[in-house]
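This report describes how two protein chains are built and how they meet.

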Amino acid sequence: MRNVDNEMTIMFLAKSENESFARVAVAAFAAQTNPTLDELTEIKTIVSEAVTNAIIHGYPEEDGYVFLHCKIMSNRLEIVVEDHGVGMRDTEEARQPLFTTRPDLDRTGMGLTIIESYVQALTIESKLGEGTRLRMVKSIAKEQSAAVYEV
Amino acid sequence: MLHSHMLKERAGSILVVILSGELDHHEAAELRLRIDHELEKMDSPKLLLDLRDLAFMDSAGLGVFLGRYKKVLAKKGEMAIAGPPKPVMRLLEMSGFHRIMTIYTSRAEALTVMKGVKA
Ligand SMILES: Nc1ncnc2c1ncn2[C@@H]1O[C@H](COP(=O)(O)OP(=O)(O)OP(=O)(O)O)[C@@H](O)[C@H]1O
Ligand SMILES: [Mg+2]
């Protein structure tokens, strides 16, 4: 556990009520890195996208668990979102802007594209029938920080 | 939590939806139903979404907007967005919405234009 300043894990049922819970929990944890308001919005957004994907796509039928691990390493925040759901065949295809398998649910296929543009690194591991693991690394600028912030 | 408030302008020909709070996948379902319920009653509906007080939105919001846009277009209506905060504007631009619908800086500005264009 060297080089890790702080770490937390939460798990919750894949219920849509937990989307806002996950955003708020990670934002409160990430506050230790003194993010700007813009960075905090980006953190909430990537958590929301990843957790929503686990809930809608990972567990389309029944509710399983979503695992959320966060680590702070100096000015870097690592967020891992994992589900043990249906998984996907092709993670490269999933990353294409506007690619969605659920247009019927009014999805636009922008979630992973939004994540890519807000983080420094995104890796997706997935196996059909086993689940999906998303790892996102976000650098927090050192200098300025939000003078006031609300979770 | 998402709050939505709806008003009709111009003898019911313009539906204004004022959103505040957080728009995510959890909140999207009910919002979609509420808007569609009103749209069903309108001929060539004009839909204006006022996002000024929206504190958070993710791709679920984009999905709601695109879905309503398609419905409104199918009924030969029009749709516009007013007052998106900076982070929301970023998402609208990222997904090319600014090229398919008009984005106004305020509700007042949007209504002036929408009321003016054809009766
Ligand atoms: N956790 C997951 N489990 C299984 N499939 C997934 C998972 N996350 C994403 N996918 C697949 O990748 C596709 C693209 O995901 P992305 O988040 O970019 O778009 P979307 O969720 O379909 O739409 P949006 O995020 O814009 O609402 C999804 O349609 C789905 O097929
Ligand atoms: Mg998504």
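## The sheet of chain A

In this predicted model, chain A holds an open sheet of five strands, arranged in the order 1-2-3-5-4 with antiparallel pairing. The edges are taken by strand 1 (6-13) and strand 4 (121-127) of chain A; each has a single partner strand, so one side of each is left without a neighbour in the sheet. On average, and with direction ignored, neighbouring strands of this sheet are turned by 10° against each other.

Strands of a sheet pair through backbone hydrogen bonds, and they may do so in a parallel or an antiparallel manner.

Strand 1 of chain A is joined to strand 2 of chain A by eight bridges in the antiparallel sense. Within this pairing, Asn6(A) has Ile72(A) of strand 2 as its bridge partner.

Strand 2 (residues 65-73) of chain A pairs in turn with strand 3 (residues 76-83) of chain A, again antiparallel and over eight bridges.

Ala121(A) stands opposite Val137(A) of strand 5. Strand 4 and strand 5 of chain A form a hairpin with three residues between the strands, in which Gly129(A) takes a positive phi near 80°.

## The sheet of chain B

Chain B has an open sheet of five strands in the order 1-2-3-4-5, and its pairing is mixed. Strand 1 (2-9) and strand 5 (102-104) of chain B are the edge strands, each pairing on one side only. Neighbouring strands in this sheet are turned against each other by 20° on average, direction ignored.

Strand 1 of chain B and strand 2 (residues 14-23) of chain B are antiparallel and share eight bridges; in this pairing, Lys8(B) stands opposite Leu15(B) of strand 2. Helix 3 of chain B lies across strand 3 (46-57), strand 4 (78-82) and strand 5 of chain B, and it runs at about 120° to strand 3.

## The contact between the chains

The two chains meet through 24 residues from chain A and 21 residues from chain B. Together they bury about 1,800 Å², of which 52% is on carbon and sulfur atoms. Of the area that chain B buries against chain A, 29% is supplied by His25(B), Phe56(B) and Met94(B), more than by any other three residues.

Across the interface there are 11 residue pairs in polar contact, with both residues at pLDDT 80 or more. On the side of chain B that touches chain A, the elements giving two or more residues are helix 1 (25-40), helix 2 (59-74) and helix 3 (86-94) of chain B. Helix 2 of chain B gives the most, with eight residues. By class, this side of chain B has eight nonpolar, six polar and seven charged residues.

## Salt bridges

Over all chains, the count comes to 20 salt bridges, and six salt bridges are counted between chain B and chain A. Side chains of opposite charge can pair when their charged atoms come close.

One salt bridge joins the side chains of Arg68(B) and Asp106(A), at 2.3 Å from N to O. Another is formed by the side chains of Lys86(B) and Asp38(A), at 3.2 Å from N to O. Lys86(B) lies in helix 3 of chain B, and Asp38(A) lies in helix 2 (residues 37-58) of chain A, so this pair joins two chains.

Technical notes
Residues are numbered from 1 along each chain as its sequence is written. Chains are lettered from A and ligands numbered from 1 in the order in which they are written. This is a predicted model: local features need pLDDT of at least 70, side-chain atom pairs count only at pLDDT 80 or more; totals for chains, interfaces and linings use all residues. Side-chain values use heavy atoms; hydrogens and water are left out. Contact means heavy atoms within 4.5 Å. Buried area is the accessible area (1.4 Å probe) that two parts lose on being put together, summed over both. A salt bridge is a side-chain nitrogen of Lys or Arg within 4 Å of a carboxyl oxygen of Asp or Glu. A polar contact is a pair of N or O atoms within 3.5 Å; within protein, one must be able to donate a hydrogen and the other to accept it, and residues adjacent in sequence count only if both atoms are side-chain atoms. Helices (H or I, at least four residues) and strands (E, at least two) are DSSP runs, numbered from the N terminus. Ala, Val, Leu, Ile, Met, Phe, Trp, Tyr, Cys and Pro count as nonpolar, Asp, Glu, Lys and Arg as charged, and the others, Gly among them, as polar. Two strands pair if DSSP finds at least two bridges between them. Axes are lines fitted to C-alpha atoms, for helices over the stretch in contact, and angles run from 0 to 180 degrees between N-to-C directions.
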